[in-house]
Amino acid sequence: MSDENKLNSSLEGQARKLNSILESAVDGIITIDDRGAITTVNPAAARLFGYDPEEFLGRNVHFLMPAPYHDEHDGYLQNYRSTGRRRIIGIGREVSGQRRDGTIFPMHLAVSEFEMDGRTFFTGIIHDLTERKATELALRQAQKMEAMGQLTGGIAHDFNNLLTVIIGNLEMLEGKLTTPLQRELTTEALDAADLGARLTSRLLAFARRSHLEPESINLNNFVLGLTDLLHRTLGETVYLSSALTPNLWPVRVDPSQVESAIVNLTVNARDAMPGGGRLVIETGNAVIDEHMAAHLDGLQPGDYVQLSVSDTGEGMSAAVRERAFEPFFTTKEQGRGTGLGLSMIYGFAKQSGGTATIVSSPGNGTLVTIYLPRHRVEPALVVDADIAGSVLAGGGQTILAVEDDERVRKLTVTRLTQLGYVVISAGTGGEAIELLAAGKPVDLLFSDIVMPGGMSGFELRTKVRALYPNMPVLLTSGYADELSRDEGVRDERLKILRKPYRLADLAEAIDAALKS
């Protein structure tokens with residue numbers, strides 16, 4: 001073989017090698033001449049921008065750029081050729097590209113130059129940054145939610161302490177009033193304080209990440225209990241109705257998660273009906289057989305309770321419906337949604353042993369259904385109304401009350417004394433340990449959870465249990481559960497009295513703790 005043939009063979013081999021690299025590269029590669037015209041493009045670039053490879057060749061590369069870069073690119077290229085001043089060439093930077101459908105996406109562009117046959121060419125390697133940017137955004141949203149949860153918990157702790165003082169003093173005042181008007185005014189003030197407590201509880205339910213102990217509940221009661229709140233949330237243009245199945249089976253779930261799910265679904269439905277419409281909340285019993293279970297995300301056959309929310313809104317496309325349960329996926333404009341609502345509902349349903357489904361199409365509204373396993377319980381004991389309404393009185397037992405807030409501590413001592421108990425008070429966990437070590441006889445430790453001084457209520461409970469194994473302990477807190485729940489505590493019998501509480505709630509909790 002002659003030297004010329006060997007050279008040609010070598011050049012052909014190099015060309016095949018280069019072509020193989022272009023074909024297999026996962027990043028887009030585009031080559032342009034010194035006037036900006038595209039000379040080569042690889043399949044990855046074609047897929048990235050949404051054109052056929054043939055549609056690139058000979059066109060000025062600026063058609064792949066959004067404004068203002070589209071109009072300024074040729075000037076950049078001319079400036080480089082005349083001055084040698086580089087902006088991207090040999091440096092690389094983040095820029096934006098424009099796909100065939102007009103969507104703009106972030107990308108990293110690295111450009112190099114070479115000469116061939118006396119002409120200058122430029123090769124750009126394009127890496128799509130869409131997924132990375134989405135991950136960074138999701139992380140920022142998660143960090144924002146974390147900060148909001150901590151802020152909400154802190155505010156709720158102080159607010160619930162204030163409500164505890166307000167409710168407690170109003171209750172004590174109520175027993176000393178003599179005229180119907182005075183009692184009516186006190187009752188209205190107590191109702192307003194109770195409303196504040198419920199609003200705080202709902203606020204914490206949205207911020208909560210850790211799960212409370214599940215309870216056996218009837219979903220109909222939750223729908224009816226939220227009706228007033230939902231009417232205010234929906235406004236006057238959305239008609240709310242419900243279809244609740246009588247004799248609905250109970251379910252064992254976290255009540256706060258149920259409230260969050262109902263409110264989230266209702267808000268989503270409202271946003272899908274900007275011009276108004278109809279929203280229906282339904283409950284029902286369902287027996288799922290193997291055939292039905294196969295179409296319900298691997299749900300185990302058995303008895304389930306359905307909670308459905310349907311609307312007459314815009315509906316979802318198939319592409320949106322498939323991603324609706326993904327965390328951080330949202331079709332709402334920036335600032336109006338986190339993309340966490342449906343994903344939290346789906347996670348709640350799955351962790352409760354059920355699942356959630358979506359039926360929707362454009363123009364036909366949306367139906368979201370949550371399936372929760374039936375909980376079989378023994379019939380509840382019916383208690384006489386007069387007995388249930390009475391306040392359980394103490395029998396002279398000694399209670400060590402530990403509370404860092406002076407106003408709440410003073411109120412607690414007064415209420416417990418009113419109930420018939422002997423009360424010793426302490427402002428910190430360390431002070432409580434000193435009182436016990438001094439030989440003070442105590443029948444029950446009643447402690448706040450979040451306290452200064454380096455010892456929480458959980459830690460105090462652990463120390464007291466180690467020193468006095470038979471001493472019952474009751475804890476109380478107005479803090480968000482994710483900030484007050486001690487990860488080291490795994491005692492399923494542990495009960496926490498949530499602030500603010502009525503005198504009857506306090507009496508019942510103290511009595512139950514003493515009997516335990």
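Helices (H or I, at least four residues) and strands (E, at least two) are DSSP runs, numbered from the N terminus. With 15% relative accessibility, Asp405 counts as buried; buried means under 20% relative accessible area, exposed over 50%, and partly exposed in between (1.4 Å probe, protein chains only).

A word on the model before going on. It's a predicted one, where local features need pLDDT of at least 70 and side-chain atom pairs count only at pLDDT 80 or more, while totals for chains, interfaces and linings use all residues. Residues are numbered from 1 along each chain as its sequence is written, and side-chain values use heavy atoms, with hydrogens and water left out.

Now for the sheet. Five strands make an open sheet in the order E2-E1-E5-E4-E3, with antiparallel pairing; two strands pair if DSSP finds at least two bridges between them. Strand E2 (38–41) and strand E3 (93–98) are at the edges with a single partner strand each, so one side of each has no neighbour in the sheet. On average, neighbouring strands here are turned by 35° against each other, direction ignored (axes are lines fitted to C-alpha atoms, for helices over the stretch in contact, and angles run from 0 to 180 degrees between N-to-C directions).

Zoom in on E1 (residues 28–33) and E5 (residues 119–128), which pair in the antiparallel sense over 6 bridges. Ile30 has Gly124 in E5 as its bridge partner. Ile125 is also found in E5, and at 41% relative accessibility Ile125 counts as partly exposed. Beyond its neighbours within four places in sequence, Ile125 is in contact (heavy atoms within 4.5 Å) with Asp27, Gly28, Ile29, His108, Leu109 and Ala110. For Ala110, the C-alpha to C-alpha distance to Ile125 is 5.3 Å, with the two 15 residues apart in sequence.

Last stop: helix H7 (residues 227–234), where Leu229, Leu230 and Leu234 are buried. Looking down the axis of H7, the buried residues fall within an arc of 125°, so they line one face of the helix; the arc is that of the directions from the helix axis to the C-beta atoms. Asp228 and Arg232, on the other side of H7, are exposed. Just after H7, Gly235 takes a positive phi of about 85°.
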